[in-house]
Amino acid sequence: MKLTALIERDLRLAYRRRGELATPVIFFVIVTALFPLALNPEPTLLRSLAPGVIWVAALLAVLIGQDSLFKTDYEDGSLELMLLSPLSLEWIVLLRVFTHWLATGLPLVMLSSLMALLLDYPMHAVGVLVMSLLLGTPVLSFLGAVGAALTVGLRRGGMLLPILVLPLTVPVLIFGAAAAGRAAVGEPAAAPLYFLGAMLVLALTLAPFAITAGLRISLES
Amino acid sequence: MIEPMEFPSVLSVDNLSVWRGERCLCRELNFRVVTGEALQVQGHNGAGKTTLIRVLTGLGRADEGEVRWRGEPLRRNDAEYRASLAYLGHSNGVKLGLSPRENLAAASALLATPIANNVDATLERVGLRAHADMPCGMLSMGQRRRTALARLLLAHVHLWFLDEPLASLDMAGVTLLTEMLKAHLSGGGIAVFATHQLLDLAPFPVKNVVLGTSA
Amino acid sequence: MFVWFHKLASPPFFYKFADKLAPWLGWLSLLVILAGLYGGLWLAPPDYQQGDGFRIIYVHVPSAWMSMFAYMVMAIAAAIGLIWRLKLAHAVSAAAAPLGASFTFLALVTGSLWGKPMWGTYWVWDARLTSELILLFLYLGYIALNHAFEDRRTGDRASAILALVGIFNIPIIHYSVTWWNTLHQGPTVFFGPRAEMPASMYIPLFIMIIGFMLYFTAFILKRLQVEVLQRERNTTWVRELVEKS
């Protein structure tokens, strides 16, 4: 009952701020579109680059969106109330990251099929691409949330967050792009997808602890 | 009614020292507050009132000394302690994108044992019945503060920690808060608040702590 | 013995201890490194495949090893600082970070220098070098976070969390980069000692590693002295120390 109330609150807030939350999605589309402009828009070239380009754009878009995860709550004082709740902060944080992903990451995952079209990515492999993003973007959200928790109290924290988090996201990028790349050329993509799944499980179980520790430390001063 | 304890509830502070960077905000502070008492934390701007209150809630940490609730020192992750307190900070903790009603529903979700479904009555009590469904971003500062005050009434807790609760409140608001505090204290609660303006909570005893007087 | 360790956590005692020990370790490390360099650059026979060019491993491999070792020290000190709330442990972490980053940078540079005469290119995306590069980013992130806070204590504790998240991720990162490398059949650059290396080749390598470790310890002790002075600058013992000198 409480969990649904928390989810409801976050989703309702997200809906009211939907303009703000659309930023990562728009960013994703623009960045993806930049690559053909910067390179040769020749279809075979685009096709070979497509998995990597889509994945890098998705990675950057998710990270950009993570700064707003705790910022507004920090500024209006509701983050303190979350920390003072007798409920398990790890659960509250898990739900928060999840709803944030629903609002920012999931649209991205769905739009990726459209981006695949732009980059001449073979349609038969789009399922794997979407799957890789579906498994990978939540992991990226959690990693970004760790960075957000550590930088929430900083004024210029938004600039620091990507620097802190990007190295940690390399495995997700490698396996995600590999899955999409293999599927595009007809090779089996199960192995990297399984790795992504394993990382998702790790992120779900361990990241909340790092995030709550980071929040408590950030709010101590 | 807060459930009665076999022994009186005591919030005590032993030899508490809190530093902020280079400055010592309080050195070897000692006090006790028991059921039905209020503690007024006073001091000039920047003396450390907010920091002290945050240390008492467990949000901040003391450099030396201990805070004890019912004789037990506060533990790192004290869910039980957090279930016994309500906090009103400088910033209201009110989401501007939600209405007062929605804000209270969200705050309720974070409580251990909220009083069931009397959001309307609570809003009535703080004088926000008419504006219950407008987004708080469209309300005045005083009305947002009243929304935050309403949050205090969502559950029966022993401890109220209020940081400058009178800020933004008009005369009627001050009266409202005074009444709320008296009701809380008579029900067996403890209140600790930082304020520039002294409150008259007679007949309840109000102790005083003044920060920033020693080096 | 345990009592002595406990005393070590007290800043003034630690300061005097480090003051005495660090110079010894420093000079010893210099001797050991010189011995290792003599062994590696002079005594060891040239490699049958790479001639004299392989000798750069006597700097490259110890640097790479130390870059990992320093991160471990940083992470363990961070954990100790968080769990037992020891300021000195956080100071160890803060001191190890720039040194570790320097070792990582040195490993990258020597790896790159090795690449040019051997394979004609200054950079190869091989698994080890790529992992070292990501490690450098992790170090830089830690240092950036540590210095981003006004309150030193908060900065220490926040970057401690980052260090712990990092140490957990490093095996995953390394595995994924290795996997990625095999996927694209990158050049398998040979950076480590081979199994059939003669003693005259790998003994200087171990000597260099030991020398680097001694240097690391001496450096950390010296840096810790500075950190301790900085963090305790308002206490009486520091004021007395400054007045005496």
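In this predicted model, the contact between chain A and chain C takes 20 residues from chain A and 20 residues from chain C. On the side of chain A that touches chain C, four helices each supply at least two residues: α7 (126–151), α8 (157–165), α9 (170–184) and α10 (190–218). By residue class, this side of chain A divides into 16 nonpolar residues, three polar and one charged.

Two of the helices named above, α7(A) and α9(A), also pack against each other, at an angle of about 175° and with their axes 9 Å apart. Angles over 145 degrees count as roughly antiparallel, so α7(A) is roughly antiparallel to α9(A). From α7(A), the contact is made by A:Val128, A:Leu129, A:Ser132, A:Leu133, A:Gly136, A:Val139 and A:Leu140. The residues contributed by α9(A) are A:Val172, A:Gly176, A:Ala179, A:Ala180 and A:Ala183. Together, the residues of this helix contact comprise nine nonpolar, three polar and no charged.

In chain C, residue C:Ile207 was examined individually. C:Ile207 lies in helix α7 of chain C, which spans residues 199–231. With 21 other C-beta atoms within 10 Å, C:Ile207 is buried, because a residue counts as buried if 20 or more such atoms lie within that distance. When neighbours within four places in sequence are left aside, C:Ile207 is in contact with C:Val32, C:Ala35, C:Gly36 and C:Gly39. As for C:Lys20, which is 187 residues from C:Ile207 along the chain, the C-alpha atoms of these two residues are separated by 24 Å.

Key
Residues numbered from 1 in each chain as written. Chains lettered and ligands numbered in written order. Predicted model: local features only at pLDDT ≥ 70, side-chain atom pairs only at ≥ 80, totals over all residues. Contact = placed C-beta atoms within 7 Å. Nonpolar A, V, L, I, M, F, W, Y, C, P; charged D, E, K, R; others polar. Buried ≥ 20, exposed ≤ 12 C-beta atoms within 10 Å, placed from the backbone. Axes fitted to C-alpha atoms, helices over the stretch in contact; angles between N-to-C directions. Parallel < 35°, antiparallel > 145°, perpendicular 65-115°, else oblique.
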